[in-house]
Amino acid sequence: MYIRTQRALAVGVSDKSSVDLMICGGFVQKETGSICGSFANQMMNYVQVGIAFMGAMSIDQQFNILTPTLDKATLKRMIVKNASKSYLVVDQSKFNRKALMKINHMKDYTGVVTTRKFTGEEMKRIKEQNIHLIPVEV
């Protein structure tokens with residue numbers, strides 16, 4: 001059912017927009033609707049994008065971006081690598097959480113769009129690591 005919904009969304013966007021839309025092939029993760037796996041990795045290895053907007057499940061106290069699966073970590077690393085600009089878009093609930101696989105670090109993104117209010121110590125580390133924050137009020 002998700003694949004039909006995703007296809008309907010893609011057709012709807014492409015019919016009503018001047019944006020060229022490409023959908024990555026692979027396995028659909030039932031819990032999140034994410035597409036990942038070796039087919040997705042192969043496809044993304046050849047794709048260069050102007051701007052990538054990325055989500056994350058977890059960000060630890062050292063600002064590492066984490067995910068539970070190797071497939072997602074590999075795919076997300078590749079997308080960031082192949083994008084001219086990449087933005088991490090995360091709400092405050094993603095911070096100070098753990099997961100098994102490291103994707104990368106907040107400093108690896110052009111900018112981090114977030115609702116998180118950082119402590120003074122965190123802001124000091126963010127500035128030292130040259131992380132570009134884009135705060136969003138909710």
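Tutor: A residue counts as buried when its relative accessible area is under 20%, as exposed when over 50%, and as partly exposed in between. Keep that in mind as we go through this predicted model.

Student: What makes the pair R116 and E122 a polar contact?

Tutor: The side chains of R116 and E122 are joined at 2.8 Å, and the limit for such a pair of N or O atoms is within 3.5 Å. The pair therefore qualifies as a polar contact. Leaving out residues up to four places away in sequence, R116 also touches Q92, F95 and N96.

Student: Which phi does N130 have, and why does N130 count as buried or exposed?

Tutor: N130, again not a glycine, has a positive phi of about 55 degrees. Its relative accessibility is 68%, and exposed means over 50%, so N130 counts as exposed. N130 belongs to the loop between α4 and β9 (133–135).

Student: How do you know whether N82 is buried or exposed?

Tutor: At 6% relative accessibility, N82 is under the 20% cut-off and therefore counts as buried. N82 lies in the loop between α3 and β6 (83–90). A polar atom of the N82 side chain is 2.9 Å from the backbone oxygen of M44. Beyond its neighbours within four places in sequence, N82 is in contact with M44, N45, V47, Q48 and V49.

Student: And why is H105 called buried or exposed?

Tutor: H105 has 9% relative accessibility, which is under 20%, so H105 counts as buried. The residue is placed in strand β7 (residues 101–105). Its side chain has a polar atom 2.8 Å from the backbone oxygen of Q62. Setting aside residues up to four places away in sequence, H105 touches Q62, F63, N64, I65, Q129 and I131.

Student: How much space lies in the largest pocket, and which residues are closest to its centre?

Tutor: The largest pocket holds about 860 Å³ of space. C24, F53, M54, L75 and I79 are the closest to its centre, out of 26 lining residues.

Student: What makes up the lining of the largest pocket?

Tutor: The lining divides into 17 nonpolar, 7 polar and 2 charged residues. At least two residues each come from β2 (35–36), α2 (38–46), β3 (49–54) and α3 (70–81). Strand β3 gives the most, with 5 residues.

Student: How many helices and strands does the chain have, and what share of its residues is buried?

Tutor: The chain has 4 helices and 9 strands, following the pattern α-β-β-α-β-β-β-α-β-β-β-α-β along the sequence. Of its 138 residues, 38% count as buried. Among contacts between residues at least 6 apart in sequence, 62% join residues at least 24 apart.

Conventions: Residues numbered from 1 in each chain as written. Predicted model: local features only at pLDDT ≥ 70, side-chain atom pairs only at ≥ 80, totals over all residues. Heavy atoms only, no water. Buried < 20%, exposed > 50% of the residue type's maximum accessible area, 1.4 Å probe, protein only. Polar contact = N/O pair within 3.5 Å; in protein donor to acceptor, adjacent residues only side chain to side chain. Contact = heavy atoms within 4.5 Å. 1 Å grid on protein atoms, 1.4 Å probe; cavity = no way out; pocket = protein on both sides within 12 Å on 5 of 7 lines; lining within 4 Å. Points joined across faces, edges and corners; volume = space filled by probe spheres on them. Nonpolar A, V, L, I, M, F, W, Y, C, P; charged D, E, K, R; others polar.
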